[in-house]
Amino acid sequence: MQPRDLSDHVAYEAGRGIEEVARELDRDPSEFVKLASNENPHGPSPAAAVAVREAASSVNSYPKAAHADLTSAVADRWDVTDGQVWLANGGDGAIDYLHRAVIEPGDTVLVPSPGFAYYGMSSRYHHGDVREYDLSKADDFVQDADTVLEAYDGDRIVFLTSPHNPTGSTIPLADVERLAEATDDETLLVVDEAYGEFADRDSAVALLEGRDGFDARDDVAVLRTFSKAYGLAGVRLGYAVVPDEWADAYARVNTPFAASELACRAGLAAIDDDEHVERTVGTARESRAYMREHIDSHVWESEGNFVLVEAGDAAAVAEEMQRRGVIVRDCSSFGLPGCIRITCGTEAETERAVETLNAVLADLD
Ligand code: PMP
């Protein structure tokens, strides 16, 4: 017995951790800094760390109450109904649920290229056909409705990423609205705001809910995660905010207890820890400004907790930086060869990354 034919499916390439790299290079982990996966350099919200420790003694029970409490807390945060909040195993899990709820075999899904690889992977698992819109056609990767509409062909889901990974650009809500109006009624626009806290833009929840002068819509969903600004990537917690009319669908598509007791307890503590989020966002803004100013190569303007850098032979640059102790991301896996992505770190980490990159660029020249 073999798995079904998976030859069209690619494996997700996660950034490698410090331990893994240090072991491979036979070096001490303390010699490395990892700025490759857009993780929070300040760690988890301290309140969340305490909550996880306290929750440890109750993990023999299913997380029914914590799940309900977190759903309500997230709903309050966005001023939506509980049924509109679809908790999931990370933003990745929420991407799966949206596919489960919408896609039928043979439907097409339009994704950005370059872009976050899991959109297309999830589409394929759910028997959707993947189509791409080419962001590199747009001026300097700036996202607008025209670039998407040029490629749009009645697709069932269209993914927008704001801020976009790996470019850091955002898409104005007016463009999202224009897209929602120009696409079929049966097309769902997913606005992925995994990095939303780091940007100056308002959330597309305003569009979904008909606030700030927009008309309410039933064809937009917004994706959010606790992995980045809240520093909870390890517990795997994210969610989609969906139209009110969709409330019944969640129970039909979710994996039972979609978020663990530890994840729910961590999320409940973190969602009220504004101080941690503000500190994290402040650090990211300083770090990306510093990198734009001091890196000896083109650095795109970013509203995320990372910057995209033109690096020539990006694989060689990333490998040499890693050898010198700074782990960054070669962007080939995003469909963007020739670039690296560097996560915003603390002041010391950022300075080390810039110094190392500039030296590597000079040495490889
Ligand atoms: N969307 C984008 C654009 C991302 O970069 C990521 C994480 N790399 C996710 C969603 C999913 O994040 P998570 O599953 O950790 O919530």
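How many of the 13 residues of α4 are buried? I counted a residue as buried if 20 or more other C-beta atoms lie within 10 Å of its own, as exposed if 12 or fewer do, and as partly exposed in between, with C-beta atoms placed from the backbone. The answer is 12 of the 13, so α4 is largely enclosed by the rest of the structure.

**Basis of the entries**

I worked from a predicted model, in which local features need pLDDT of at least 70 and side-chain atom pairs count only at pLDDT 80 or more, while totals for chains, interfaces and linings use all residues. Residues are numbered from 1 along each chain as its sequence is written. I took helices (H or I, at least four residues) and strands (E, at least two) as DSSP runs, numbered from the N terminus.

**Helix α4**

I listed the buried residues of α4; among them are Gly90, Gly91, Asp92, Tyr97, His99 and Val102.

**Lysine 228**

I consulted UniProt, where an unreviewed entry lists Lys228 under "modified residue: N6-(pyridoxal phosphate)lysine". Positions from UniProt are given in the numbering used here, feature names are shortened, and annotations may be inferred rather than shown by experiment. I located lysine 228 in the loop between β7 (220-225) and β8 (238-241). Lysine 228 counts as buried because it has 28 C-beta neighbours inside 10 Å. Neighbours within four places in sequence aside, I found lysine 228 in contact (C-beta atoms, placed from the backbone, within 7 Å) with Asn38, Asn40, Ala194, Tyr195 and Asn305.

**Backbone exceptions**

Most residues other than glycine have a negative phi, and most peptide bonds are trans. I noted a positive phi, near 55°, at asparagine 38, which lies in the loop between β1 (33-34) and α2 (46-55). Asparagine 38 is buried, with 23 other C-beta atoms within 10 Å. Arginine 236 also has a positive phi, near 65°, and lies in the loop between β7 and β8. I found 20 other C-beta atoms within 10 Å of arginine 236, so arginine 236 is buried.

I noted a cis peptide bond between serine 113 and proline 114, with omega about 0°. Proline 114 is in the loop between β3 (108-113) and α5 (118-125). The bond from asparagine 165 to proline 166 is cis, with omega near 15°.

**A sheet of three strands**

I traced an open sheet of 3 strands in the order β9-β12-β11, with antiparallel pairing. Its edge strands, β9 (306-310) and β11 (329-330), each pair on one side only. I required at least two DSSP bridges for two strands to pair; β9 and β12 (residues 339-343) are joined by 5.

Methods
Contact = placed C-beta atoms within 7 Å.
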